[in-house]
Amino acid sequence: MASRPVAIRRGIAPGGLAALAVAVLTLGPVAAVLARSGGWGALGPGDFQALRFTLLQAVLSAGASVALAIPAARALARRRFPGRGVLVALLGAPFILPVIVAILGLVAVFGQSGLVNRALAALGGPQFSIYGLHGVVLAHVFFNLPLAVRLLLQGWLAVPAERFRLAASLGLGPLAMFRAIEAPLILRIAPGAFAVIFVICLSSFAVALTLGGGPRATTVELAIYQAVRFDFDLGRAALLSVIQLGLAVIAGLFALWLGTGAGFGAGLDRVPQRWDGRGGAARAADALWIAVVAVFLLTPLACVVWRGLPGLAQLDSGTWIAAWHSVSVALASTALCIVWALALSSRRGELVGLAGIAVSPLVLGTGLFLILRPYINPFSVALPVTAVVNALVSLPFALRILAPQAETIRTDYGRLARALALTPGAWLRLVLLPRLRRPLGFAAGLTAALSIGDLGVIALFADPDRVTLPLRVYSLMGAYRMEAAAGAALVLLVVSFGTFWIFDRGGRAGADA
């Protein structure tokens with residue numbers, strides 16, 4: 001027994017520890033780059049042009065992705081047909097594709113000699129150029145439309161079935177149903193989806209590099225690349241990275257301001273049944289949206305598969321070793337990211353998580369190299385460092401998937417849990433995880449697939465014994481073994497999508513998705 005009053009000290013909450021880890025991993029490399037450079041650099045006219053183009057293409061890309069996702073997700077939420085689950089899983093494939101593989105598929109469809117231009121030439125129409133602002137926006141919509149669809153679809157599926165039963169018993173028509181249930185849902189989820197996609201497009205590198213078409217279509221990430229790789233102006237690179245981070249924070253605050261609002265309350269965990277949209281016009285509209293989105297997203301994937309099949313026979317053991325390295329890194333990255341996401345699954349936590357994709361991966365890689373170099377050979381820890389950075393980069397997506405439903409669960413069951421004096425472990429095991437099963441599987445699959453297809457830090461740290469599959473594809477392309485590179489790209493596609501499907505299917509097992 002204490003002889004005098006003693007203040008009770010509480011340990012740091014898991015959310016605080018996770019936020020601290022994210023802050024250190026985000027700001028530490030930036031500080032290391034800035035310290036190495038000796039001070040801030042100065043921006044030139046080209047940097048301001050890159051900033052204007054970056055903001056323009058990010059707004060257009062995020063707006064188009066969310067706008068197209070709303071009717072597509074609505075159609076998928078209220079229609080049931082054979083193969084629907086497979087289609088929903090396939091629609092997520094473009095987002096998890098390695099960028100260079102997806103761009104090859106887009107060029108095969110929209111390029112100068114692609115399917116679209118050949119069809120236009122046969123009809124006597126004008127040719128379509130995939131290069132420039134419209135090409136960059138097209139590629140970003142291709143990548144991010146599946147993410148927006150799944151985020152909105154998860155929200156639709158989270159509406160308790162009792163709300164639809166009540167609407168049907170009140171005789172609400174389609175417009176009244178939209179105003180009472182669907183419009184609040186869209187206003188709650190769409191701003192966050194817009195913010196995440198906006199930040200993704202802010203850090204666009206490979207898309208702008210391959211499809212930008214010239215200096216006028218340069219993004220901030222490309223300007224950072226030029227500052228680091230060619231000018232070795234680390235001060236300017238750090239300044240551009242901080243500006244990029246500031247824009248992401250502003251986007252996150254904007255999404256939090258617009259996306260406020262309560263959920264639809266607790267239900268009995270029954271599968272929602274829809275009574276709206278039974279008319280012929282509604283069925284035709286839903287079928288049209290599903291068909292348009294499916295054709296737009298799946299045709300480039302089919303081209304990748306078609307071109308990669310002949311190259312499978314030319315793959316050697318190095319490709320399969322690289323695939324194993326990619327899967328190992330992905331599993332570690334997924335475990336770390338999900339732990340962080342569960343700890344930060346709140347609206348303020350989402351803002352912290354946005355830093356992971358707001359800071360330039362080039363600056364993160366360079367900063368980590370500078371931090372580790374005095375103490376250890378960075379090449380010997382290439383795979384663990386890649387796993388940590390991949391978890392950090394994937395964290396905003398996992399948070400956007402988990403946070404809205406986690407907050408709803410806390411609102412609906414928090415008072416009951418306190419009344420029953422549930423321990424944190426019991427709350428996690430009995431309440432939170434069972435009701436987060438479906439979005440948790442989706443978040444884990446997305447994280448694993450993104451990690452498998454990433455070509456970032458590993459390009460700076462890797463040695464010949466620690467090559468991942470994306471790096472293997474690039475090395476084959478650099479050696480002009482194009483058929484083997486196409487085969488390795490197909491393996492990369494199958495491994496990425498297969499890993500995503502396993503996690504996503506595990507979350508949806510026994511539940512309608």
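Predicted model: local features only at pLDDT ≥ 70, side-chain atom pairs only at ≥ 80, totals over all residues.

Biologist: Which side chain meets Arg150 in a salt bridge, and why is it called that?

Modeller: Asp504, with N to O at 3.2 Å. The cut-off is 4 Å between a side-chain nitrogen of Lys or Arg and a carboxyl oxygen of Asp or Glu, so the pair qualifies. Asp504 is in helix H23 (residues 482–508) and Arg150 in helix H7 (residues 133–157), 354 residues apart, so the pair counts as linking distant parts of the chain. Both Asp504 and Arg150 are buried.

Biologist: How many salt bridges does the structure hold?

Modeller: Two. Arg472 is in helix H22 (residues 469–478), while Asp316 is in the loop between helix H13 (280–308) and helix H14 (317–343).

Biologist: How do you know whether Arg472 and Asp316 are buried or partly exposed?

Modeller: Buried means under 20% relative accessible area, so Arg472 at 17% counts as buried. Asp316 is at 30%, between the 20% and 50% limits, so Asp316 counts as partly exposed.

Biologist: Now the rings: how many aromatic pairs are there?

Modeller: The count comes to six aromatic pairs. One of them is Phe442 with Phe500.

Biologist: What makes Phe442 and Phe500 a pair, and is it stacked or edge-to-face?

Modeller: Their centres are 6.0 Å apart, and the limit is 6.5 Å, so they pair. Their planes are at 75°, and over 60 counts as edge-to-face, so that's the label. Phe442 is in helix H20 (residues 437–452) and Phe500 in helix H23, 58 residues apart. Both Phe442 and Phe500 are buried. Elsewhere, Phe110, Phe142, Phe143 and Phe296 form one aromatic cluster.

Biologist: Last one: why is His140 called buried?

Modeller: His140 has 4% relative accessibility and the cut-off is under 20%, so it counts as buried. His140 is in helix H7. Leaving aside neighbours within four places in sequence, the residues in contact with His140 include Gln57, Ser61, Cys201 and Val207.

Note on methods
Residues numbered from 1 in each chain as written. Heavy atoms only, no water. Helix = DSSP H or I, 4+ residues; strand = E, 2+ residues; numbered from the N terminus. Buried < 20%, exposed > 50% of the residue type's maximum accessible area, 1.4 Å probe, protein only. Phe/Tyr/Trp six-rings, centres within 6.5 Å; stacked < 30°, edge-to-face > 60°. Contact = heavy atoms within 4.5 Å.
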